[in-house]
Amino acid sequence: MPIGRSSKKSLRKSIKNKKINSSFKSKLKEIIKKFLLKPEKKNFGEVQAALDKAERKHLYQKNKVARLKARYSKQVGKAVEKVVIKKTVKKAKKKLLKKKAAKK
């Protein structure tokens, strides 16, 4: 246990900050999990905002935040590509069906 007044205050402050930081980190993890289930632009905006806030609070280094943002933005791109591919596949199937029907 600390003996001096300032060290006691420092201990109180560090305990308080630890509670705040751990609650924020858990909220951030929930946001990220939600995003990973459905990687959409809307969810990605929430993740970006939370990561920026974590960087401002000095919970994560700026390079880590940048790395995470890059990874998650790639996942958004992959999700968009999947949607585009599905749409083009559906259109191609329709064209093939029409051609087969026309030949008969």
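A: Searching the whole structure turns up two salt bridges, a term that here means a side-chain nitrogen of Lys or Arg within 4 Å of a carboxyl oxygen of Asp or Glu. The model is predicted, so local features need pLDDT of at least 70 and side-chain atom pairs count only at pLDDT 80 or more, while totals for chains, interfaces and linings use all residues. Residues are numbered from 1 along each chain as its sequence is written, and side-chain values use heavy atoms, with hydrogens and water left out.

Partly exposed is the range between buried (under 20% relative accessible area) and exposed (over 50%), with a 1.4 Å probe and protein chains only.

The other pair is K69 with D52, at 2.4 Å from N to O. K69 belongs to helix α3 and D52 to helix α2, so this bridge ties together parts that are 17 residues apart in sequence. D52 has a relative accessible area of 28% and therefore counts as partly exposed.

Helix α1 covers residues 5-37. Its 33 residues should span 48 Å at 1.5 Å a residue, and its end C-alpha atoms are 49 Å apart, which agrees; the expected span is 1.5 Å times one less than the number of residues.

The buried residues of α1 include F24, L28, I32 and F35. In general, an α-helix has 3.6 residues a turn, so residues three or four places apart point the same way.

The largest nonpolar core has 15 residues, and L28, F35, V47, L51, A54 and Y72 touch the most other members. Such a core is a set of buried Ala, Val, Leu, Ile, Met, Phe, Trp, Tyr and Cys residues joined through side-chain atoms within 4.5 Å. Helices α1, α2 (41-56) and α3 (62-103) each give two or more residues to this core, and α2 gives the most, with five. Leaving out residues up to four places away in sequence, F35 touches E40, N43, F44, V47, Y72, Q75 and V76; touching, or contact, means heavy atoms within 4.5 Å.

Over the protein, 51% of contacts between residues at least 6 apart in sequence join residues at least 24 apart. Of its 104 residues, 16% count as buried.

The loop between α2 and α3 holds H58. H58 has a phi near 65 degrees, a positive value in a residue other than glycine, and it is exposed, at 71% relative accessibility.

Conventions: Helix = DSSP H or I, 4+ residues; strand = E, 2+ residues; numbered from the N terminus.
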